[in-house]
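I opened a new notebook page for this structure.

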Amino acid sequence: MAHPSQLGLQDAASPVMEELLHFHDHTLMIVFLISTLVLYIIVAMVTTKLTNKNILDSQEIEIVWTILPAIILILIALPSLRILYLMDEINDPHLTIKTMGHQWYWSYEYTDYEDLGFDSYMIPTQDLAPGQFRLLETDHRMVIPVESPVRLLVSADDVLHSWAIPSLGVKLDAVPGRLNQTAFIISRPGVYYGQCSEICGANHSFMPIVIEAVPLEHFENWSSLMLEDA
């Protein structure tokens, strides 16, 4: 999760987020090189008193500064399109979870099980245990197995919401009357935090998302206990 004074993105916990981080660094380096070149040209033009006729009127330079930006755009567009297609891939998910956004909480339903579902509310500040995070902890976490493809179906019951987990590279709008879907794989066990990313009313800031990724055998034990309690 994010920490105070953090400047970069959160550490990747899924293959898609790793690709997004690499693409971010790739694009940032291109922007840095372009900015450096433009700054150098501006400084050189302002400080020098000499004039070069080949720069003022040169067919070769015009060809270069027309073709070079096109090549740079291709170097940015091709990795971007690849990641877009990767984010849309849903291949043989091991688990399907339906998520519904409400004002102002989330509800989860594990559709592969007969009766496994629950509501997830934010824990009020006065009820937090030591070590828990304010505005981020919930009374029920979404538990999923690690290294397993998970399909997420997202919708809303009342107004627009957005289900977002930055460390997984997932952000999906929850629209009333519409079912959106995405898929992800969590690479390692841990607890991952997110929040609603669409302004949805007075308590928009108070509907966090908590995912607990556990090994498969632990997930099976958890699901069995949840079914027994139900």
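**Entry 1: the annotation.** UniProt positions are given in the numbering used here, and annotations may be inferred rather than shown by experiment. I kept that in mind for the record. I also noted that this is a predicted model. In an unreviewed entry, UniProt lists residues 92-225 as "domain: Cytochrome oxidase subunit II copper A binding". I checked what that span is made of. Residues 92-225 are 7% helix and 43% strand.

Entry 2: In what order do the strands of the open sheet run? I read 3-2-1-5-8, five strands with mixed pairing. Strand 3 (117-120) and strand 8 (180-184) are the edges, and each pairs on one side only. From one strand to the next, the twist averages 20°.

**Entry 3: strand 5.** I looked at both neighbours of strand 5. Strand 8 runs antiparallel to strand 5 (residues 150-156), with 5 bridges between the two. Leucine 153 has a partner in each neighbour: lysine 98 is its bridge partner in one, and glutamine 181 in strand 8 stands opposite in the other. Leucine 152 faces threonine 182 of strand 8. Is strand 5 mostly covered or mostly open? I found it mostly covered, with 6 of its 7 residues buried.

**Entry 4: lysine 98 again.** I searched the whole structure for salt bridges and got 4. One of them joins the side chains of lysine 98 and glutamate 109, at 3.5 Å from N to O. Lysine 98 sits in strand 1 and glutamate 109 in strand 2 (residues 105-110), 11 residues apart. Lysine 98 is partly exposed at 28% relative accessibility. Glutamate 109 is partly exposed too, at 38%.

**Entry 5: arginine 141.** Which side chains does arginine 141 meet in salt bridges? I found glutamate 137, at 3.4 Å from N to O, and glutamate 212, at 3.5 Å. Arginine 141 lies in the loop between strand 3 and strand 4 (142-145) and glutamate 212 in strand 10 (residues 208-214), so this pair ties together parts 71 residues apart in sequence. Through shared partners, Glu137, Arg141 and Glu212 form one network.

I then checked how covered each member is. Glutamate 137 is buried, at 3% relative accessibility. Arginine 141 is partly exposed at 25%, and glutamate 212 is partly exposed at 26%.

Conventions
Residues numbered from 1 in each chain as written. Predicted model: local features only at pLDDT ≥ 70, side-chain atom pairs only at ≥ 80, totals over all residues. Heavy atoms only, no water. Helix = DSSP H or I, 4+ residues; strand = E, 2+ residues; numbered from the N terminus. Pairing = 2+ DSSP bridges. Axes fitted to C-alpha atoms, helices over the stretch in contact; angles between N-to-C directions. Buried < 20%, exposed > 50% of the residue type's maximum accessible area, 1.4 Å probe, protein only.
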